[in-house]
Amino acid sequence: MTEDKNLWTKSTCAYCGVGCGIEASLDAKGELNIRGDKSHPANFGNLCSKGLALGETVSHDGRLLQPSINGVESDWPTALQHVAEKFSQTIEEFGPDSVAFYVSGQLLTEDYYVANKLMKGFIGSGNIDTNSRLCMSSSVVGYKRAFGTDTVPGCYEDLDTAELVVITGSNLAWCHPVIFQRLKAEKEKRDNLFIVVIDPRETDTCSIADLHLAIQPETDVTLFNGLLAYLAEHNKLDQDYIQAHSEGFDTALEAAQQSSQDLTQVAATLNVSEQDLTTFYQHFADTEKSLSIYSQGTNQSTQGSSKVNSIINTHIATGRIGKPGMGPFSITGQPNAMGGREVGGLANMLAAHMEFGDPEAHQMISDFWQTEQLATQQGLKAVDMFDAINEGKIKAVWVMATNPVVSLPNSNKIIAALEKCPLVVVSDCMAETATTKYADVLLPAQGWSEKSGTVTNSERRISRQRRLLPSPGAAKADWWIICEVAKRMGFADAFTYLHEGEVFTEFAKMTTLGNEDGLKRDLNLIGLTQLDAKGYSQLTPQQWPVTTLQTENIHQRMFTDKQFFTASKKAQFIAVSPTAQKPKNAAYPLILNSGRIRDHWHTMTRTGLSSRLGAHIAEPFVAINPEDAKTLNIENDSLVAINSEQGATLVRAKLTERQSKGQMFSPIHWNKQTAKSANVCNLVSDDNDPVSGQPGFKSTQVNVKKWHYHSEAMLLTRESLDLELFDYWVKQKVEQGYLYRIADNRSPIELAETLQGLLNNKLGKTLQFSTTEQSLQAVHRYAFVKDSKLSNAYITAAQLTTHSLEWLQSVLDLPLDSSIELTLISGIVQGKLAQGKIICACKQVGINTITEAIQDQGCQSLDSIKSCTSAGTGCGSCVPEVSNILADYLENNPHLVTEAVTSNGVEKITVEEFIV
Ligand SMILES: Nc1nc2c(c(=O)[nH]1)N[C@H]1C(S)=C(S)[C@@H](COP(=O)(O)OP(=O)(O)OC[C@H]3O[C@@H](n4cnc5c(=O)[nH]c(N)nc54)[C@H](O)[C@@H]3O)O[C@H]1N2
Ligand SMILES: Nc1nc2c(c(=O)[nH]1)N[C@H]1C(S)=C(S)[C@@H](COP(=O)(O)OP(=O)(O)OC[C@H]3O[C@@H](n4cnc5c(=O)[nH]c(N)nc54)[C@H](O)[C@@H]3O)O[C@H]1N2
Ligand code: SF4
Ligand SMILES: [Mo]
């Protein structure tokens with residue numbers, strides 16, 4: 001069958017806020033093929049490794065298939081009735097504020113809309129908050145304070161014309177890879193593009209930076225206040241813009257000057273050189289087309305709102321808003337973080353950008369929804385909501401599409417709250433997440449590829465997610481589940497919709513309340529209010545505001561007329577000063593930063609199903625500066641215990657110069673489902689920004705100690721196993737099973753025997769099981785073969801980190817032949833197993849294949865490696881890593897370098913190298 005004959009359905013990627021368009025097609029084998037949608041204006045056909053692997057994450061492994069009540073399988077009518085009754089009873093007895101919804105930027109706009117309508121409109125409480133509180137709320141505060149509306153002013157097209165791009169608190173290369181690749185392509189094309197990365201650690205994003213400011217954590221306000229003061233001092237302000245279109249400049253400048261006396265002092269506070277700081281300031285001062293991109297290093301801070309406004313202030317002061325190639329651009333995290341903000345999913349917003357405390361809005365919404373119970377007060381923000389659960393004030397909570405036990409700060413407190421709460425309802429796609437464990441009622445939700453609705457991306461573009469596959473078991477759409485509960489609570493008139501398109505058009509109509517012309521609120525979807533089922537079904541991407549249905553992709557900027565949505569119609573400067581950090585605690589002298597890695601998504605409930613994605617970084621880790629490590633007696637690959645006032649984790653140490661002294665970094669992804677003790681939120685405190693309520697996830701005071709063990713194991717199985725009896729374990733999905741890394745206080749031989757007992761193998765062939773050797777150097781190898789297939793295998797020893805065992809990842813996928821058997825018995829790697837750690841996830845190219853291409857086939861440029869091995873020819877995300885392998889290899893083997901290469905200048909791009 002040729003490609004064109006396949007039926008390709010357009011939809012939107014499940015993951016990040018770039019909101020890439022995809023096309024999906026089911027092949028004869030029943031596999032979902034995915035490709036980029038060339039017509040989608042967010043990505044023009046490009047996808048990153050996660051987008052490309054979407055087809056691998058739609059398996060039904062681990063899915064929640066039936067509703068259950070108190071652990072007993074139930075059916076929909078019973079479960080819906082139960083939830084409705086329990087909520088109604090609680091409200092009747094304790095009032096509307098005794099219940100809460102905790103929802104997610106991974107819900108579709110339609111789900112979000114009805115959840116908000118039920119809680120604020122009919123239950124009559126503001127207690128609906130979302131995981132976007134952890135993600136975007138400081139940006140929301142920043143925009144609302146400055147512009148009077150939660151509106152991203154720019155669009156992706158600005159990347160193509162900006163001449164200075166400031167990427168601050170964002171690891172774009174790993175978290176928004178398609179935008180990063182677009183910027184990288186510009187960088188390669190244009191000499192007039194200068195890129196500055198502001199991040200305490202050196203990330204892959206720095207590979208395209210002209211300047212990296214490795215600032216001290218939480219010094220951003222000083223940095224941007226310093227910039228405002230510098231602009232004033234050097235006469236680089238847009239006085240006309242300030243005079244005519246803004247308010248509050250003088251007080252903002254005064255605050256800026258106070259907190260950034262002079263360049264020397266600012267540079268010292270940030271711990272960067274005065275020269276680098278001046279370079280940044282000068283470039284900003286002299287470049288009209290300056291674009292500031294920011295994300296969690298900015299938002300997730302106890303002073304996140306101030307950080308955001310300190311950035312926006314510099315744009316108002318230079319009039320760089322609403323024009324091509326410039327502006328403050330908060331890049332959103334989740335696929336529908338924006339949609340949630342639009343409908344009112346945050347506890348402090350009412351609905352469709354209408355506010356609490358505005359009597360006119362209150363009346364309009366009450367009339368529109370035909371309700372007399374509309375909430376009059378803001379509800380509790382996420383952290384406060386879980387505190388209220390802990391204190392017994394909230395007695396029923398419904399968690400939808402988020403995994404708070406892993407992702408909210410201070411996990412132990414969250415667990416305690418959920419254990420205490422009389423009713424915990426969880427709607428999820430997966431049966432066993434860290435949070436479903438604490439649910440009284442479990443409701444199976446449709447996942448990406450099954451559900452249908454809309455999402456809004458970082459540039460205000462609404463795209464359809466379409467149904468591609470049937471749902472397994474009894475899984476239902478979130479909007480349907482919410483509406484069915486609402487009906488059973490007595491609100492049938494307001495919650496009867498034939499399909500999700502009706503919910504969407506109701507939302508579109510709501511945006512026009514008192515706002516037909518879009519002059520009162522810029523979130524206006526009047527052009528979509530008349531969509532019928534067919535129009536909704538065929539809806540192409542629409543960028544708001546939508547005055548008429550957009551039949552072509554348009555690229556709109558906001559505030560082009562210099563009119564804002566504040567009372568005076570002027571932009572507001574906000575005077576901000578850095579707030580003092582928590583006093584240093586000698587017991588916890590290091591600062592732990594947390595964030596993302598390239599190939600995993602959040603709590604791994606989806607990316608954890610893909611062996612390709614799991615291979616990039618297989619084990620939770622803490623990145624630590626070599627000098628700190630030396631002081632603490634920690635070697636590369638040691639296991640280390642991290643402790644904070646809140647809790648502890650046990651992870652692998654990775655020594656890297658890219659981490660500044662005194663600071664460490666751990667990824668957020670691993671949790672109880674995938675590792676013994678690696679949930680970084682066990683450590684994080686719930687201190688949060690007083691305005692936005694966003695937690696300061698990026699700087700936790702911790703200490704770290706080497707953890708001693710007596711044995712290690714690598715265990716390969718086809719089935720998932722419970723390994724809680726060991727001190728340390730991590731689970732990695734491989735193609736046909738799982739690869740576990742274990743460390744323990746048992747001796748290697750005891751560990752081998754314990755594993756033997758766990759595996760309980762019968763009726764097959766044992767390849768080898770050494771039980772006699774007791775020496776410390778002894779390596780115990782064992783493999784069990786059943787029906788000519790490898791069933792399971794393990795290797796134990798006192799130390800395994802010095803052994804190259806990457807080959808274990810692919811053993812289960814290959815037909816068992818004598819060369820593989822020999823490798824299993826002897827550890828001598830041969831044949832197909834020899835390609836090593838996978839570098840290119842798309843094309844499955846291992847490190848050894850790449851180094852062989854360099855060494856044996858004379859590949860001395862990226863292009864030749866690409867054509868020899870096909871590494872880097874998929875999504876391109878691994879290209880920096882491939883370049884680095886090349887550069888490292890040639891650096892270590894100078895005799896291999898030919899003239900041509902030297903003059904070509906193979907540039908070394910430092911990339912964290914994680915050996916499996
Ligand atoms: N691969 C992948 N991509 C994702 C996600 C994922 O889970 N995996 N999640 C999505 C979501 S929901 C989100 S919110 C985004 C997040 O996207 P990002 O915000 O880009 O990701 P993070 O890794 O959380 O943090 C960004 C950077 O902030 C830096 N930082 C820490 N402290 C400071 C500071 O004080 N100042 C400054 N200037 N920087 C600091 C960190 O070192 C880190 O490199 O990613 C989205 N994309
Ligand atoms: N330490 C630290 N913690 C952080 C962060 C950090 O940088 N550092 N970042 C924070 C940020 S920005 C974010 S966005 C959060 C993310 O944290 P979470 O939202 O907790 O992470 P996910 O793994 O995306 O959880 C989504 C859950 O919903 C389920 N799900 C997926 N699709 C659907 C659906 O359509 N319907 C339903 N009902 N369920 C679905 C998934 O199976 C999964 O269990 O983490 C926050 N926590
Ligand atoms: S950049 Fe984001 S939206 Fe695009 S393919 Fe990657 S994860 Fe999906
Ligand atoms: Mo996020």
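Two residues are in contact when heavy atoms lie within 4.5 Å. This is a predicted model, in which local features need pLDDT of at least 70, side-chain atom pairs count only at pLDDT 80 or more, and totals for chains, interfaces and linings use all residues. Residues are numbered from 1 along each chain as its sequence is written, ligands are numbered from 1 in the order in which they are written, and side-chain values use heavy atoms, with hydrogens and water left out.

Select Leu118. Leaving aside residues up to four places away in sequence, Leu118 touches Phe101, Ile123, Gly124, Ile482, Ala486, Met489, Phe491 and Phe495.

Next, widen the view to the nonpolar core, a set of buried Ala, Val, Leu, Ile, Met, Phe, Trp, Tyr and Cys residues joined through side-chain atoms within 4.5 Å; buried means under 20% relative accessible area with a 1.4 Å probe, protein chains only. The largest such core has 188 residues, and Leu118 is among those with the most contacts inside it, as are Phe87, Phe101, Phe280, Trp398 and Leu525. Apart from it lies another core of 29 residues, including Ile389 and Val684.

Now select ligand 1. Around it are 35 residues, and Asn171, Asp199, Gln296, Arg596 and His600 come nearest; a residue counts as near if one of its heavy atoms lies within 4 Å.

Then show the distances to ligand 1. A backbone N or O atom of His600 is 2.6 Å from a ligand nitrogen atom, and one of Cys175 is 2.8 Å from a nitrogen atom of the ligand. For Lys307, a polar side-chain atom lies 3.3 Å from an oxygen atom of ligand 1.

How values were computed: Buried < 20%, exposed > 50% of the residue type's maximum accessible area, 1.4 Å probe, protein only. Polar contact = N/O pair within 3.5 Å; in protein donor to acceptor, adjacent residues only side chain to side chain.
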